Amino acid sequence: MTGLNEAANKYFEKLDMFTTAITRAHGKNHPEAFEVRELFSEINEKMQTAGSVRPNLDVEFARLREITNNYTIPGDVCGTYAAVYDMLSETDQAYQAYQA
């Protein structure tokens with residue numbers, strides 16, 4: 001679970017702030033930002049409660065890939081929004097690698 005833990009340690013504090021910011025800045029034109037925030041919160045909670053046990057995040061990452069069109073950054077968003085998608089994509093890849 002090292003790669004997943006590294007991604008969490010590297011990104012989750014920023015993702016906590018940034019996912020809230022994108023709901024405020026882009027929620028009107030990108031309502032999926034609210035679900036991205038909610039799914040990140042669920043992933044974060046599962047990671048914290050799992051400890052050294054492997055968390056099952058299949059549903060959350062599958063839904064993130066679906067609502068973000070595989071983390072495709074919309075053309076009308078700011079750098080923070082793009083950073084959220086990049087960090088979530090890298091965390092998702094770490095999770096998928098962990099399962100292999």
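Where is N70 found? N70 lies in the loop between α3 and α4. The model is predicted.

**Helix α1**
- Helix α1 spans residues 2–26 and has a kink of about 50°, centred on Y11.
- Y11 is also one of the buried residues of α1, a set that includes L4, A7, A8, F12 and L15.
- Further along α1, T19, I22, T23 and H26 are buried too.

**Nonpolar core**
- The largest nonpolar core has 26 residues.
- Within this core, F12, L15, L64 and L88 have the most contacts.
- Four helices each supply at least two residues of the core: α1, α2 (32–50), α3 (58–67) and α4.
- Apart from its neighbours within four places in sequence, L88 is in contact with L15, V36, F40, F61, L64 and Y71.

**Helix α3**
- The buried residues E60, F61, L64 and I67 belong to α3.
- These residues lie on the same side of α3 because they cover an arc of only 135° around the axis.
- V59 and E66 are exposed, on the other side of α3.

**Aromatic pair in α4**
- The structure holds three aromatic pairs.
- One of them is formed by Y81 and Y85, a tilted pair with 5.0 Å centre to centre and 50° between the planes.
- Y81 and Y85 are four residues apart in helix α4 (residues 79–99), so about one helical turn separates them.
- Y81 counts as buried because its relative accessibility is 0%, under the 20% cut-off.
- Y85 has a relative accessibility of 1% and therefore counts as buried as well.

- Most residues other than glycine have a negative phi.
- For N70, phi is near 55°, a positive value in a residue other than glycine.
- Y71 likewise has a positive phi, near 65°, and is not a glycine.
- Like N70, Y71 is found in the loop between α3 and α4.
- Is N70 buried or exposed? N70 has a relative accessible area of 53%, so it is exposed.
- Y71 is buried, with a relative accessible area of 9%, and is among the residues in contact with L88.

Notes: Residues numbered from 1 in each chain as written. Predicted model: local features only at pLDDT ≥ 70, side-chain atom pairs only at ≥ 80, totals over all residues. Heavy atoms only, no water. Bend = angle between axes of the 7 residues up to and from the residue. Buried < 20%, exposed > 50% of the residue type's maximum accessible area, 1.4 Å probe, protein only. Phe/Tyr/Trp six-rings, centres within 6.5 Å; stacked < 30°, edge-to-face > 60°. Core = buried A, V, L, I, M, F, W, Y, C linked by side-chain atoms within 4.5 Å. Contact = heavy atoms within 4.5 Å. Arc of directions from axis to C-beta.
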